[in-house]
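Colleague: Could you walk me through the model on my screen? I'd like to begin with the ligand and its surroundings.

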Amino acid sequence: MPEDTIFSRIVRGEIPADVVHQDDLVTAFRDIQPLAPTHILIVPNRIIPTLADVSADDEAVLGRMLRVAADLAADEGVARNGYRVMINCREHGGQEVYHLHLHLLGGRPLGRMLIR
Ligand code: 5GP
């Protein structure tokens, strides 16, 4: 069993967060240091450390993460103009918290995917 993470403590309601969605598989809450007007993190309730650690058993939760992202983008009013979903994986991906999470970013033009 992976170690506890800051995000699993948010999932359990042990530390405060602006939670915008929770269901049997995933929890979504606003990033504490938002990089865009809408910046929401969507995490599996059960710890999966990185995208590199997923298995066939995780397909339902991965699908739920994307569907919740699309629903929240609509709720936030950013779906019409568009938005970005992003997963950072391990060191070269710039991952800081080792509890899989999808970033939903929107509310302003986000520019090109990466700076050359
Ligand atoms: P990563 O770089 O791992 O993809 O992204 C981690 C994200 O988690 C960062 O955008 C950071 O601001 C956010 N974050 C880190 N700790 C907390 C926290 O305690 N609460 C919330 N809401 N967001 C956090």
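**Ligand shell and hairpin**

Modeller: Helix 1 gives the most to the shell around the ligand, with three residues, where helices (H or I, at least four residues) and strands (E, at least two) are DSSP runs numbered from the N terminus. This is a predicted model, in which local features need pLDDT of at least 70 and side-chain atom pairs count only at pLDDT 80 or more, while totals for chains, interfaces and linings use all residues. Residues are numbered from 1 along each chain as its sequence is written, and side-chain values use heavy atoms, with hydrogens and water left out.

Colleague: How many residues surround the ligand, and which are the closest?

Modeller: The ligand is surrounded by 16 residues, with Asp31, Asn88, Glu96, His101 and His103 the closest, and a residue counts as near if one of its heavy atoms lies within 4 Å.

Colleague: Which side-chain N or O atom is 2.5 Å from a ligand oxygen?

Modeller: That atom belongs to Asp31, and a polar contact is a pair of N or O atoms within 3.5 Å. From the backbone, an N or O atom of Arg30 lies 2.9 Å from a ligand nitrogen, and a polar atom of Gly94 is 3.1 Å from a ligand oxygen.

Colleague: Changing topic, what joins strand 1 to strand 2?

Modeller: A hairpin does, through three residues. Strand 1 (residues 19-22) and strand 2 pair in the antiparallel sense over three bridges, pairing being defined as at least two DSSP bridges between two strands.

Colleague: And which residue stands opposite Gln22?

Modeller: Gln22 faces Thr27 in strand 2.

Methods. A polar contact is a pair of N or O atoms within 3.5 Å; within protein, one must be able to donate a hydrogen and the other to accept it, and residues adjacent in sequence count only if both atoms are side-chain atoms.
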